[in-house]
Amino acid sequence: MADSAKPSNKHKRVVLTITQKLDIIQQLERGENKQDLMRKFNIGSSTIYDIKLQKDKLMKFASSAETSKASDERRTLQQPQHQKNWTKFYTTGSY
């Protein structure tokens with residue numbers, strides 16, 4: 001291993017909670033500067049863009065969540081891999 005290797009300045013991956021994503025959406029709607037949000041949440045511009053694209057799904061989840069704790073802890077909107085099969089099994093009693 002060479003001693004002259006440069007240290008990595010790679011940006012650490014940040015995973016936001018749904019509550020944080022909703023907060024970003026609200027701040028954008030109020031006219032908050034994207035650069036300020038990027039620094040505040042330690043995220044990139046593409047993450048801001050992705051959150052804006054998910055706005056409808058995030059709002060729908062937040063309105064249907066049974067408790068605010070669900071939004072505070074949860075980080076993704078993806079359902080479990082076999083959610084459809086389990087739902088079908090428990091509602092009909094068979095596959």
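Tutor: Helices (H or I, at least four residues) and strands (E, at least two) are DSSP runs, numbered from the N terminus. By that rule the protein has six helices and zero strands. The model is predicted: local features need pLDDT of at least 70, side-chain atom pairs count only at pLDDT 80 or more, and totals for chains, interfaces and linings use all residues. Residues are numbered from 1 along each chain as its sequence is written, and side-chain values use heavy atoms, with hydrogens and water left out.

Now the pair. Two packed helices are described by the angle between their axes and the distance between the axes. Axes here are lines fitted to C-alpha atoms, for helices over the stretch in contact, with angles from 0 to 180 degrees between N-to-C directions. H1 (residues 18-29) and H4 (residues 55-64) have axes that come within 10 Å and cross at roughly 120°. H1 is therefore oblique to H4 (under 35 degrees is roughly parallel, over 145 roughly antiparallel, 65 to 115 roughly perpendicular, the rest oblique). The crossing is left-handed: the near helix is turned anticlockwise from the far one by less than a right angle.

Contact means heavy atoms within 4.5 Å. H1 contributes Ile18, Lys21, Leu22, Ile25 and Glu29; H4 contributes Lys55, Leu58, Met59, Phe61 and Ala62. These residues divide into seven nonpolar, no polar and three charged (Ala, Val, Leu, Ile, Met, Phe, Trp, Tyr, Cys and Pro count as nonpolar; Asp, Glu, Lys and Arg as charged; the others, Gly among them, as polar).
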